[in-house]
Amino acid sequence: MIAAGLGFGFMPEHTAKHPGVVPLPITEPEFWREVNLVTVRGRRHSPAVGASVREATQKKWFGERAKALSAAE
C-alpha cells in the first residue's frame, strides 16, 4: 500500500527496501513506541516462546526490568 501511494508506515530506515518506498527520517516530534508482551499465566510455552519471554523479562528496558502485571491492572 505504501509503494502504491495508498498508505504510510513507521519502520526502521534499513527495512524500507521495496521499490517505490522512500525512507524519510522523523526528527520532530520525537517518535517512540510501547511494546507489550502478553502470555497466559500458568500455560506452558513452546521452547521458542519460553526463550523469547525469558529474554524479554531479563533485559533492562530504559534502565528498568520488565514489569509483570495481572489482568486486573
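Which element is Val-49 found in?

**View 1. Val-49 in helix α1.** Val-49 is found in helix α1. With a relative accessibility of 38%, Val-49 counts as partly exposed (buried is under 20% relative accessible area, exposed over 50%, partly exposed in between; 1.4 Å probe, protein chains only). The C-alpha atoms of Val-49 and Thr-39 lie 9.5 Å apart in space, and the two residues are 10 apart in sequence. This is a predicted model, in which local features need pLDDT of at least 70 and side-chain atom pairs count only at pLDDT 80 or more, while totals for chains, interfaces and linings use all residues. Residues are numbered from 1 along each chain as its sequence is written, and side-chain values use heavy atoms, leaving out hydrogens and water.

View 2. The protein chain has one helix and two strands, in the order α-β-β from the N terminus (DSSP runs: helices are H or I of at least four residues, strands E of at least two, numbered from the N terminus). Confidence is highest in helix α1 (residues 47-58), at a mean of 88, and lowest in strand β2 (residues 64-65), at 78. These values are pLDDT, the predictor's confidence in each residue, from 0 to 100. Over the protein chain the mean pLDDT is 80, and 93% of residues reach 70 or more.

**View 3. Extent and burial of the protein chain.** The C-alpha atoms fill a box of roughly 45 × 30 × 25 Å along the principal axes. Buried residues make up 5% of the 73 residues.
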